[in-house]
Amino acid sequence: MPSTYSLKAMKPLAIDDLAHPHALTFFELGYVAGNCKNPKEFQQVLKAVHDVFPTESIVCGLGEMADGIAFSGIWKTPELAPFKVARIVTDANYPSEFLNFYINADVLKRDCHFYECLRTQKALIWSDLYQRYKHPFDSNTKCGFDGDFVSMLFDHNLHNVLRCAPVDMGLRVTNLSLTFRNRKEAWQFSGLVEAVAPYIHQALLRVYGPSKDKFSQSVPVGLSLREREILKWLIEGKGNWEIGHILHISERTVKFHVQQLMRKLGAMNRSQLVANACQQQEFNSQL
(Lines give C-alpha, C1' and ligand atoms only; values in the text may rest on other atoms or scores of the structure.)
Protein backbone atom coordinates (compact mmCIF):
# COMPACT_ATOMS: atom_id res chain seq x y z
CA MET A 1 0.00 0.00 0.00
CA PRO A 2 1.58 3.35 -1.00
CA SER A 3 2.50 5.63 1.89
CA THR A 4 0.46 8.46 0.35
CA TYR A 5 -2.70 6.87 1.78
CA SER A 6 -3.66 7.75 5.34
CA LEU A 7 -5.80 4.72 6.16
CA LYS A 8 -8.54 4.84 8.78
CA ALA A 9 -9.81 1.53 10.10
CA MET A 10 -13.34 0.20 9.63
CA LYS A 11 -14.53 2.52 6.87
CA PRO A 12 -13.87 3.06 3.16
CA LEU A 13 -11.47 5.82 2.22
CA ALA A 14 -12.75 9.32 1.45
CA ILE A 15 -10.95 12.25 -0.17
CA ASP A 16 -9.99 13.61 3.26
CA ASP A 17 -8.13 10.37 4.01
CA LEU A 18 -5.73 10.89 1.11
CA ALA A 19 -2.45 12.69 1.54
CA HIS A 20 -2.36 15.94 -0.44
CA PRO A 21 -0.26 14.66 -3.41
CA HIS A 22 -2.52 11.67 -3.88
CA ALA A 23 -5.67 13.74 -3.51
CA LEU A 24 -4.42 15.87 -6.41
CA THR A 25 -3.86 12.69 -8.45
CA PHE A 26 -7.45 11.67 -7.73
CA PHE A 27 -8.80 15.01 -8.96
CA GLU A 28 -6.56 14.77 -12.03
CA LEU A 29 -8.26 11.46 -12.87
CA GLY A 30 -11.62 13.25 -12.95
CA TYR A 31 -10.12 15.94 -15.19
CA VAL A 32 -8.60 13.39 -17.59
CA ALA A 33 -11.88 11.46 -17.78
CA GLY A 34 -13.89 14.65 -18.22
CA ASN A 35 -11.77 15.74 -21.19
CA CYS A 36 -11.42 12.33 -22.86
CA LYS A 37 -12.67 12.40 -26.48
CA ASN A 38 -11.06 9.49 -28.37
CA PRO A 39 -9.85 5.90 -27.79
CA LYS A 40 -6.22 6.95 -27.33
CA GLU A 41 -7.21 9.39 -24.62
CA PHE A 42 -9.39 6.74 -22.98
CA GLN A 43 -6.28 4.61 -22.53
CA GLN A 44 -4.85 7.59 -20.65
CA VAL A 45 -7.93 7.44 -18.41
CA LEU A 46 -7.13 3.80 -17.61
CA LYS A 47 -3.53 4.78 -16.84
CA ALA A 48 -4.81 7.51 -14.53
CA VAL A 49 -6.98 4.92 -12.76
CA HIS A 50 -3.84 2.86 -12.11
CA ASP A 51 -2.11 5.97 -10.75
CA VAL A 52 -4.89 6.48 -8.20
CA PHE A 53 -5.89 2.94 -7.21
CA PRO A 54 -3.64 -0.07 -6.43
CA THR A 55 -5.52 -2.11 -9.02
CA GLU A 56 -3.95 -4.97 -10.93
CA SER A 57 -6.22 -4.87 -14.00
CA ILE A 58 -9.16 -2.93 -15.40
CA VAL A 59 -12.01 -3.73 -17.76
CA CYS A 60 -14.72 -1.31 -18.95
CA GLY A 61 -17.82 -2.05 -20.96
CA LEU A 62 -20.59 -0.12 -22.70
CA GLY A 63 -24.04 -1.46 -23.51
CA GLU A 64 -27.57 -0.35 -24.31
CA MET A 65 -30.93 -1.64 -23.23
CA ALA A 66 -32.59 -3.85 -25.81
CA ASP A 67 -35.31 -2.10 -27.80
CA GLY A 68 -38.63 -1.88 -26.01
CA ILE A 69 -37.31 -2.98 -22.61
CA ALA A 70 -37.54 -0.62 -19.66
CA PHE A 71 -34.78 -0.57 -17.05
CA SER A 72 -37.29 -1.46 -14.32
CA GLY A 73 -38.25 -4.60 -16.27
CA ILE A 74 -34.88 -6.27 -15.75
CA TRP A 75 -35.97 -7.84 -12.45
CA LYS A 76 -39.49 -8.70 -13.56
CA THR A 77 -38.88 -11.03 -16.49
CA PRO A 78 -37.13 -14.42 -16.18
CA GLU A 79 -34.48 -15.31 -18.75
CA LEU A 80 -34.26 -11.67 -19.84
CA ALA A 81 -31.15 -10.65 -21.80
CA PRO A 82 -31.74 -6.90 -21.78
CA PHE A 83 -28.37 -5.57 -22.90
CA LYS A 84 -26.64 -5.20 -26.21
CA VAL A 85 -22.90 -4.95 -25.56
CA ALA A 86 -21.42 -2.24 -27.75
CA ARG A 87 -17.80 -2.09 -26.59
CA ILE A 88 -15.36 -3.67 -24.12
CA VAL A 89 -12.10 -1.88 -23.28
CA THR A 90 -9.33 -3.30 -21.08
CA ASP A 91 -5.86 -2.39 -19.98
CA ALA A 92 -2.90 -4.54 -20.97
CA ASN A 93 -3.06 -6.55 -17.72
CA TYR A 94 -6.59 -7.92 -17.99
CA PRO A 95 -6.57 -11.70 -18.75
CA SER A 96 -7.79 -12.16 -22.32
CA GLU A 97 -8.60 -15.84 -21.76
CA PHE A 98 -11.14 -14.97 -19.07
CA LEU A 99 -12.63 -12.17 -21.19
CA ASN A 100 -13.05 -14.53 -24.15
CA PHE A 101 -14.78 -17.07 -21.91
CA TYR A 102 -17.06 -14.36 -20.48
CA ILE A 103 -18.11 -13.20 -23.96
CA ASN A 104 -18.38 -16.60 -25.67
CA ALA A 105 -20.33 -18.17 -22.81
CA ASP A 106 -22.61 -15.12 -22.65
CA VAL A 107 -21.98 -14.87 -18.91
CA LEU A 108 -23.43 -11.35 -18.73
CA LYS A 109 -26.96 -12.82 -18.78
CA ARG A 110 -26.18 -14.77 -15.60
CA ASP A 111 -23.79 -12.42 -13.83
CA CYS A 112 -25.14 -11.74 -10.32
CA HIS A 113 -22.39 -9.18 -9.70
CA PHE A 114 -23.52 -7.08 -12.65
CA TYR A 115 -27.21 -7.23 -11.72
CA GLU A 116 -26.53 -6.27 -8.09
CA CYS A 117 -24.41 -3.29 -9.18
CA LEU A 118 -27.26 -2.18 -11.44
CA ARG A 119 -29.86 -2.61 -8.72
CA THR A 120 -27.96 -0.84 -5.93
CA GLN A 121 -25.86 1.63 -7.98
CA LYS A 122 -23.04 0.88 -5.54
CA ALA A 123 -19.48 -0.34 -6.00
CA LEU A 124 -19.62 -4.00 -4.95
CA ILE A 125 -16.93 -6.65 -4.41
CA TRP A 126 -17.45 -9.98 -6.19
CA SER A 127 -16.26 -12.12 -3.26
CA ASP A 128 -18.82 -10.50 -0.93
CA LEU A 129 -21.67 -11.43 -3.24
CA TYR A 130 -20.32 -14.94 -3.72
CA GLN A 131 -20.37 -15.50 0.03
CA ARG A 132 -23.99 -14.30 0.12
CA TYR A 133 -25.29 -16.21 -2.93
CA LYS A 134 -23.50 -19.56 -3.05
CA HIS A 135 -26.09 -21.25 -5.23
CA PRO A 136 -26.72 -21.63 -8.99
CA PHE A 137 -27.95 -18.55 -10.81
CA ASP A 138 -31.70 -17.96 -10.49
CA SER A 139 -33.13 -16.05 -13.46
CA ASN A 140 -36.08 -14.86 -11.38
CA THR A 141 -34.06 -13.23 -8.60
CA LYS A 142 -30.94 -12.58 -10.74
CA CYS A 143 -28.82 -13.99 -7.89
CA GLY A 144 -26.37 -16.87 -7.79
CA PHE A 145 -23.37 -18.03 -9.84
CA ASP A 146 -22.58 -20.65 -12.46
CA GLY A 147 -19.91 -23.17 -11.46
CA ASP A 148 -17.79 -22.76 -14.62
CA PHE A 149 -17.78 -18.99 -14.19
CA VAL A 150 -16.69 -19.27 -10.56
CA SER A 151 -13.89 -21.69 -11.46
CA MET A 152 -12.59 -19.47 -14.26
CA LEU A 153 -12.73 -16.40 -12.05
CA PHE A 154 -10.70 -17.99 -9.25
CA ASP A 155 -8.26 -19.48 -11.78
CA HIS A 156 -7.50 -15.95 -13.01
CA ASN A 157 -7.42 -14.42 -9.51
CA LEU A 158 -10.35 -12.10 -10.22
CA HIS A 159 -12.35 -12.73 -7.04
CA ASN A 160 -11.39 -9.35 -5.52
CA VAL A 161 -12.99 -7.36 -8.33
CA LEU A 162 -14.68 -4.11 -7.37
CA ARG A 163 -17.39 -3.20 -9.87
CA CYS A 164 -19.66 -0.24 -10.71
CA ALA A 165 -22.39 -0.15 -13.36
CA PRO A 166 -23.78 3.38 -13.83
CA VAL A 167 -26.96 3.77 -15.90
CA ASP A 168 -27.58 6.76 -18.18
CA MET A 169 -31.18 7.85 -18.90
CA GLY A 170 -32.30 4.29 -18.13
CA LEU A 171 -31.03 3.32 -21.59
CA ARG A 172 -27.25 3.09 -21.60
CA VAL A 173 -25.17 1.10 -19.14
CA THR A 174 -21.44 1.10 -18.53
CA ASN A 175 -19.25 -1.17 -16.45
CA LEU A 176 -16.09 -0.36 -14.53
CA SER A 177 -14.32 -3.34 -12.93
CA LEU A 178 -11.07 -3.01 -10.99
CA THR A 179 -9.13 -6.05 -9.76
CA PHE A 180 -7.46 -5.54 -6.38
CA ARG A 181 -4.85 -7.66 -4.63
CA ASN A 182 -7.16 -8.45 -1.71
CA ARG A 183 -10.65 -7.81 -0.42
CA LYS A 184 -9.49 -5.22 2.15
CA GLU A 185 -8.06 -2.92 -0.50
CA ALA A 186 -11.13 -3.31 -2.70
CA TRP A 187 -13.38 -2.38 0.23
CA GLN A 188 -11.21 0.59 1.30
CA PHE A 189 -11.32 2.12 -2.17
CA SER A 190 -15.00 1.41 -2.89
CA GLY A 191 -16.18 4.91 -2.01
CA LEU A 192 -13.58 6.61 -4.19
CA VAL A 193 -14.36 4.27 -7.09
CA GLU A 194 -18.05 5.16 -6.75
CA ALA A 195 -17.14 8.85 -6.86
CA VAL A 196 -15.13 8.62 -10.07
CA ALA A 197 -17.27 6.01 -11.88
CA PRO A 198 -19.78 8.56 -13.31
CA TYR A 199 -16.94 10.46 -15.00
CA ILE A 200 -15.56 7.30 -16.58
CA HIS A 201 -19.15 6.45 -17.55
CA GLN A 202 -19.45 9.75 -19.43
CA ALA A 203 -16.03 9.24 -21.05
CA LEU A 204 -17.15 5.82 -22.36
CA LEU A 205 -20.33 7.36 -23.77
CA ARG A 206 -18.41 10.16 -25.48
CA VAL A 207 -15.79 7.91 -27.02
CA TYR A 208 -17.71 4.73 -27.81
CA GLY A 209 -21.37 5.71 -27.45
CA PRO A 210 -23.99 6.95 -29.93
CA SER A 211 -23.56 9.94 -32.16
CA LYS A 212 -24.17 13.48 -30.90
CA ASP A 213 -27.45 13.62 -32.81
CA LYS A 214 -28.74 10.57 -30.94
CA PHE A 215 -27.38 11.91 -27.68
CA SER A 216 -29.09 15.26 -28.14
CA GLN A 217 -32.43 13.51 -28.47
CA SER A 218 -31.97 11.75 -25.12
CA VAL A 219 -30.68 14.71 -23.09
CA PRO A 220 -33.55 16.16 -21.06
CA VAL A 221 -34.15 19.92 -21.24
CA GLY A 222 -36.38 22.41 -19.48
CA LEU A 223 -34.64 22.95 -16.13
CA SER A 224 -36.25 25.67 -14.07
CA LEU A 225 -34.29 28.70 -12.91
CA ARG A 226 -34.18 27.32 -9.36
CA GLU A 227 -32.98 23.92 -10.61
CA ARG A 228 -30.22 25.61 -12.60
CA GLU A 229 -29.14 27.57 -9.52
CA ILE A 230 -29.02 24.44 -7.39
CA LEU A 231 -27.20 22.51 -10.11
CA LYS A 232 -24.57 25.25 -10.30
CA TRP A 233 -23.82 24.92 -6.59
CA LEU A 234 -23.86 21.11 -6.77
CA ILE A 235 -21.16 21.29 -9.44
CA GLU A 236 -19.23 23.59 -7.09
CA GLY A 237 -19.33 20.81 -4.50
CA LYS A 238 -21.79 22.36 -2.07
CA GLY A 239 -23.99 20.23 0.20
CA ASN A 240 -27.74 20.60 0.68
CA TRP A 241 -27.45 22.74 3.81
CA GLU A 242 -24.91 25.08 2.18
CA ILE A 243 -27.06 25.49 -0.94
CA GLY A 244 -30.12 26.23 1.18
CA HIS A 245 -28.18 28.88 3.11
CA ILE A 246 -26.90 30.50 -0.11
CA LEU A 247 -30.32 30.53 -1.80
CA HIS A 248 -32.31 31.27 1.39
CA ILE A 249 -34.47 28.16 1.08
CA SER A 250 -34.91 25.16 3.37
CA GLU A 251 -32.71 22.07 3.16
CA ARG A 252 -35.85 20.05 2.50
CA THR A 253 -36.60 22.20 -0.57
CA VAL A 254 -33.05 21.68 -1.81
CA LYS A 255 -33.46 17.90 -1.45
CA PHE A 256 -36.68 18.05 -3.47
CA HIS A 257 -35.00 19.94 -6.31
CA VAL A 258 -32.01 17.57 -6.27
CA GLN A 259 -34.40 14.63 -6.71
CA GLN A 260 -36.05 16.42 -9.64
CA LEU A 261 -32.64 17.10 -11.20
CA MET A 262 -31.66 13.45 -10.82
CA ARG A 263 -34.86 12.40 -12.58
CA LYS A 264 -34.43 14.91 -15.43
CA LEU A 265 -30.73 14.20 -15.95
CA GLY A 266 -31.07 10.43 -15.64
CA ALA A 267 -28.80 10.14 -12.60
CA MET A 268 -28.87 7.50 -9.86
CA ASN A 269 -26.85 9.51 -7.32
CA ARG A 270 -25.33 12.96 -6.76
CA SER A 271 -21.96 12.08 -8.31
CA GLN A 272 -23.63 10.91 -11.50
CA LEU A 273 -25.89 13.97 -11.46
CA VAL A 274 -22.87 16.29 -11.50
CA ALA A 275 -21.12 14.23 -14.19
CA ASN A 276 -24.24 14.17 -16.39
CA ALA A 277 -24.72 17.91 -15.93
CA CYS A 278 -21.12 18.63 -16.96
CA GLN A 279 -21.57 16.38 -20.01
CA GLN A 280 -24.74 18.24 -21.04
CA GLN A 281 -23.03 21.61 -20.62
CA GLU A 282 -20.17 20.45 -22.85
CA PHE A 283 -22.58 19.15 -25.49
CA ASN A 284 -24.67 22.33 -25.51
CA SER A 285 -21.53 24.48 -25.86
CA GLN A 286 -20.67 22.62 -29.07
CA LEU A 287 -24.05 23.13 -30.76
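Tutor: Two strands are said to pair if DSSP finds at least two bridges between them. The model before us is predicted.

Student: How many helices and strands does the protein have?

Tutor: The secondary structure contains both kinds of element. The count comes to 13 helices and 6 strands.

Student: In which sense do β4 and β6 pair, and over how many bridges?

Tutor: Strand β4 covers residues 161-164, and strand β6 covers residues 172-180. Within this pairing, leucine 162 has leucine 178 of β6 as its bridge partner. The two strands run in the antiparallel sense, and the pairing comprises 4 bridges.

Student: Which residue of β6 stands opposite aspartate 168?

Tutor: Strand β5, residues 167-168, pairs with β6 in the antiparallel sense over 2 bridges. Aspartate 168 has its counterpart in β6, namely arginine 172.

Student: How many bridges join β1 to β6?

Tutor: Strand β1 spans residues 55-65 and runs antiparallel to β6. Valine 59 has serine 177 of β6 as its bridge partner, while glycine 63 stands opposite valine 173. The number of bridges joining β1 to β6 is 9.

Student: Which residue of β2 is the bridge partner of glycine 63?

Tutor: Strand β2, residues 83-90, is joined to β1 by 7 bridges and runs antiparallel to β1. Glycine 63 already stands opposite valine 173 in β6. In β2, its bridge partner is valine 85.

Student: How many residues of β1 are buried?

Tutor: Buried here means under 20% relative accessible area. By that criterion β1 is mostly covered, and of its 11 residues the number buried is 9.

Student: Why is β6 described as largely enclosed by the rest of the structure?

Tutor: In a regular strand, side chains alternate between the two faces of the sheet. On one side of β6, Arg172, Thr174, Leu176, Leu178 and Phe180 are all buried, and on the other so are Val173, Asn175, Ser177 and Thr179. The strand is therefore largely enclosed, the buried count being 9 of 9 residues.

Student: What percentage of the residues of the whole protein count as buried?

Tutor: The accessible surface of the protein comes to about 14100 Å², and carbon and sulfur atoms contribute 53% of that area. Of the 287 residues, the share that counts as buried is 49%.

Student: Among contacts between residues at least 6 apart in sequence, what percentage join residues at least 24 apart?

Tutor: The question concerns contacts within the protein between residues at least 6 apart in sequence. Of these, the share joining residues at least 24 apart is 67%.

Conventions. Residues are numbered from 1 along each chain as its sequence is written. This is a predicted model: local features need pLDDT of at least 70, side-chain atom pairs count only at pLDDT 80 or more; totals for chains, interfaces and linings use all residues. Side-chain values use heavy atoms; hydrogens and water are left out. Buried means under 20% relative accessible area, exposed over 50%, partly exposed in between (1.4 Å probe, protein chains only). Contact means heavy atoms within 4.5 Å. Accessible areas come from the Shrake-Rupley method with a 1.4 Å probe; for residues, only the protein chains shown count as cover.
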